[in-house]
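Subject: the model, and what turned up in it

Hi,

Here is the structure I promised to pass on. Have a look at it first, then read my notes below.

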Amino acid sequence: MKKFIKTNVFIIVVAILSAALVGMSAWTVVLNIQNHKLKNRVVSTMADMDKTNDRYDKMKAENDATNSENAALEKENLDLKFKLEAAQKEIKDAKSLLNKVSAKKMIEAEKALAAQNSPQATVIPESKVCYLTFDDGPSDCTLEILKILDTYNAKATFFVVGTAKLQYLPQIVEKGHTIGLHSNTHNYSKIYKSTDAFFNDLTALSQKVYDVAGVHSKVIRFPGGSSNKVSKSYCKGVMTRLTSQVKIKGYAYFDWNVDSGDASGKNVPAKTIVNNVLNSAAKKNSICVLMHDTSSKKTTVEALPEILKGLKAMGYRFEALNEKCYGFQHTVRN
Ligand SMILES: [Zn+2]
């Protein structure tokens, strides 16, 4: 019995071991198959990776080629841009040169036409003639000035302003004096903005003078004189154009060669005004005297009899300006 049990146990153990062995072998086979499959997958994945790398390399090379092509195009583009800019600058320079030349030609043509058109004397009279001129009026001083001038049998010129007391214009005309056009507004920033602006202002004043005094005046004086530089800040070259254009339009313009200095401050002493005029006149043959006719220039009125007396003693006669008179014109500086 004991032997039987022993034998059976032995058989069972052997059987179990055999079964385990068979099982293990089968498992090994399965593992081997799986291993093989994995190997195959790895090989195929690696092949895929190689292919992908090849594609990447190819694309990179293509990309590099495109980049260098782009860089070349960019350089070409930049070169063309520079060339275009240079050409544009050349055109701009040529245009501005052309404008300058045509502007210069225009100024020369206007100057020639003005000289041809102007009836004004071009040489200063040698005989002792004095043109007294009163700017910026009429004013409350006008009637007093007229009275003094009458006393000395002197004729003068009043360069009037549109905003002044134009009701005195008829008396000025009646006494045989000249009404000259100065400015309607006397506003530098408006009248010297352009030649058109100047003529609009002048025409407005001319109409006012005609309406009040029945006179078509062609005698003018630029505010600040033709040599003023203040106009430069409103329009470069405007005086160069205007000094010709006024003549072409039939006006005669007048500056001065004796400054009374009555506008150099407030209430300039009468004695100073007298001395300024007489000292300056003593060195000349013919004179055009700058004075002012405004309500604040009382000392000018005060100085007037002494001026007339002094000039008369020097041999001067007093005449009113007309468009044929010598212009005492300054050098234009704008
Ligand atoms: Zn003035």
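A nonpolar core here is a set of buried Ala, Val, Leu, Ile, Met, Phe, Trp, Tyr and Cys residues joined through side-chain atoms within 4.5 Å. Buried means under 20% relative accessible area, exposed over 50%, and partly exposed in between (1.4 Å probe, protein chains only).

Before the details, some ground rules. This is a predicted model, where local features need pLDDT of at least 70 and side-chain atom pairs count only at pLDDT 80 or more, while totals for chains, interfaces and linings use all residues. Residues are numbered from 1 along each chain as its sequence is written, and side-chain values use heavy atoms, with hydrogens and water left out.

On to the cores. The largest has 53 residues, and L132, L149 and L311 are the ones that touch the most other members. Setting aside neighbours within four places in sequence, L149 has contacts (heavy atoms within 4.5 Å) with L132, F134, A154, A156, F158, H177, L304 and L308. There is also a second, separate core of 10 residues, including V129, V219, C288 and F328.

Next, the metal. The zinc ion is coordinated at 2.2 Å by D136 (OD), H182 (NE2) and H186 (NE2). Donors are N, O and S atoms within 2.8 Å of the metal (3.2 Å for Na, K and Ca), and water is not among the atoms, so sites may look incomplete. D136 sits in strand β1 (residues 129-137) and H182 in strand β3 (residues 178-183), so this pair ties together parts that are 46 residues apart in sequence. Helices (H or I, at least four residues) and strands (E, at least two) are DSSP runs, numbered from the N terminus. H182 is buried, at 3% relative accessibility, whereas D136 is partly exposed at 22%. H186 is partly exposed too, at 23%; H186 belongs to the loop between β3 and α4 (188-191) and has a positive phi of about 55° although it is not a glycine.

N267 is in the loop between β6 (258-259) and α7 (270-282) and is exposed, at 52% relative accessibility.

How many salt bridges does a search of the whole structure find? The count is 10, taking a salt bridge as a side-chain nitrogen of Lys or Arg within 4 Å of a carboxyl oxygen of Asp or Glu. One of them joins D135 and R221 at 2.8 Å, N to O. That pair links distant parts of the chain, with D135 in strand β1 and R221 in the loop between β4 (219-220) and α6 (238-248), 86 residues apart. Both D135 and R221 are buried. Another salt bridge pairs D140 with K165, with the closest N and O atoms 2.9 Å apart. Here D140 is partly exposed at 46% relative accessible area, as is K165 at 33%. E85 and K81 form one as well, at 3.9 Å between the closest N and O atoms; these two are four residues apart in helix α1, so about one helical turn separates them.

L17 also lies in helix α1 (residues 2-117) and is exposed, with a relative accessible area of 55%.

Cheers
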